[in-house]
Amino acid sequence: MKQQVPLVLCFLFGIVMILTEFSPHAASQATYKEIANWGRVISPFVLALAVITLIQTHWARIQRRTEHWQYSVVVFFGMILMVVVGTPLVIVGSPFGPQHPAFQWLFNNVQVPMDATMFSLLAFFIASAAYRAFRARTFEATLLLVTAVIVMLGNVPIGDIIWGDTASNARQWILDNPNLSARRGIILGISLGAISQSIRIILGIERSYLGGGD
Amino acid sequence: MFEKLMNIDRRIVFTLVALVVIIPMLAPFSIPLTVAEPTQNLYDYIDALPPGSTIMISFDYGPSSFVEPEPMAEAVMKHCFDKEVNVIGITLEIQAVPLADKVMQRVAVEKGAVYGEDYVLLGYRPGDTFVILGMGAEIASVFDSDYLEKPITEIPMLQNITNYDQISLLLVLAAGSTVEDWITYGHTKFDLQIAAGVTGVIVSQMYPYLQTKQLIGLMPGFRGAAEYEKLIDAFGSGTKGINTASLVHLLVIGLVVIGNIAFFVQRRREE
């Protein structure tokens, strides 16, 4: 029963949603709209699930005193602080909410700089990694290296100063031809894979989403 | 010497990167920029919209990557307000709401645009694809209020807007995969006209959609922002960003060339 109910629901909703795509009838479109609304109602539970998983993971780290468990305490501190200043609990007399200056200050002066800093570190690591790893050891590596240099030069206006229109034109050709062909192949592959996987899930052949095993 | 060069301390590389990022900030300079076709197409499309039209901007980026899409948002909104085109802001990324609010308010103050009449920020709703599909049927079924919780029935510029039929263009400013979601569900199902402004790392993924005209225009990274700023003759952080990026690109290319010269000399000696 624990497995059969989700399988039946999955089959029914999967088939109904496919059929509504092929029928412009008012009843069909009303069904489609209703199920899409249900989908939106379910979506916030995903956020709740993410929060619960985050709490479980970090609580376990603190309990077991695993390496760097102190950072998990910081996670709880940050999470609780942002929930308190970001939730407009009028019933309990909380003055806070997303528009409160305290929340805005924390977001603009703590979260934004920290996130941006983490992302900016990539520039340093990429430069260092490119210097160490980008070596023309084989034909394939040379091809990749030359392509990367052309695209990088074409990406920035200084490339045009050094190499005239050639940098932009060569970059554009690479993006419009080899890149586009490869991307389209990947998109087609992913789409065919997604269709076959969806059919397997709707028909109950693929059941791993139920929690593993048969 | 070449062996030393091949195993250069990474802190030296880090210092060089820091210098080429900091120097253009202290001593700004300008590099001539040519406008690429995808950015020009987006500009021309917005420029041709009649006054009173409405475009939607989806701010699908977070604090880690806002530096690239934000100048694009700023430039496009300036153009829209100059042309009396209304702007609706939404986001599929929860952290983008305060970022979108900030940039919309900044441009509105500069251009004298009025909230609720010239622009509005609806905010965030969970459910990505369901949000896109739901708005195609009826925007009010997804957003019954704006991000300040004001009912949309009380917002003047939304009185005649029901769904995508009244939206002339959707501009997706993204650092992730939401452009594909908007194309798959917004364009294919509802024939919504879509353009994108994306961070540099995902630009190459957009080209198949440009070729099929599923994207009518594209602003690629800092370059796209700088190009749009050039088109509206309002130089800002996009232009500053592309100048800094130019030097960092040159540095990385220089490092790769030096590393390879050292590698070949060393290999020849070993042979």
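A few ground rules come first. Residues are numbered from 1 along each chain as its sequence is written, and chains are lettered from A in the order in which they are written. Because the model is predicted, local features need pLDDT of at least 70 and side-chain atom pairs count only at pLDDT 80 or more, while totals for chains, interfaces and linings use all residues; side-chain values use heavy atoms, with hydrogens and water left out.

Let us begin with chain B. Chain B has 11 helices and 6 strands; helices (H or I, at least four residues) and strands (E, at least two) are DSSP runs, numbered from the N terminus. Along the principal axes, the C-alpha atoms of chain B fill a box of roughly 75 × 35 × 30 Å. Chain B holds 271 residues, and 57% of them count as buried. Here buried means under 20% relative accessible area, exposed means over 50%, and partly exposed lies in between, using a 1.4 Å probe and protein chains only.

I261(B) is 255 residues from M6(B) in sequence, with 9.2 Å between their C-alpha atoms. With a relative accessibility of 46%, I261(B) is partly exposed.

Chain B carries 18 positive and 31 negative charges, whose mean positions lie 12 Å apart. Lys and Arg count as positive and Asp and Glu as negative, while His and the chain ends are not counted. Each charge is placed at NZ of Lys, CZ of Arg, CG of Asp or CD of Glu.

Now turn to pairs of opposite charge. The whole structure has 13 salt bridges over all chains, where a salt bridge is a side-chain nitrogen of Lys or Arg within 4 Å of a carboxyl oxygen of Asp or Glu. In chain B, E74(B) and R106(B) form one, at 2.9 Å from N to O. E74(B) lies in helix α4 (residues 69-82) and R106(B) in helix α5 (residues 96-111), so to speak distant parts of the chain, 32 residues apart. E74(B) is buried at 15%, whereas R106(B) is partly exposed at 34%. Both belong to a network of salt bridges that links E70(B), E74(B), K78(B), R106(B) and E110(B). Chain A has a pair of its own, E206(A) with R200(A), whose closest N and O atoms are 3.6 Å apart.

Where do the two chains meet? The contact takes 61 residues from chain B and 50 residues from chain A. Together the chains bury about 5100 Å², 66% of it on carbon and sulfur atoms; buried area is the accessible area (1.4 Å probe) that two parts lose on being put together, summed over both. F130(B), Y207(B) and R223(B) supply 12% of the area that chain B buries against chain A, more than any other three residues.

The count of salt bridges between chain B and chain A is 3. One pair is K189(B) and E21(A), with 3.3 Å between the closest N and O atoms. K189(B) lies in helix α8 (residues 178-190) of chain B and E21(A) in helix α1 (residues 4-22) of chain A, so this pair joins two chains.

R183(A) is buried yet has no salt bridge, and the nearest side chain of opposite charge, E180(B), is 4.1 Å away.

Finally, visit the loop between α2 (26-64) and α3 (69-86) of chain A, where R65(A) sits. Most residues other than glycine have a negative phi. R65(A), though not a glycine, has a positive phi of about 50°, and R65(A) is exposed at 52%. H68(A), in the loop between α2 and α3 too, has a positive phi near 60°.

Key
Contact = heavy atoms within 4.5 Å.
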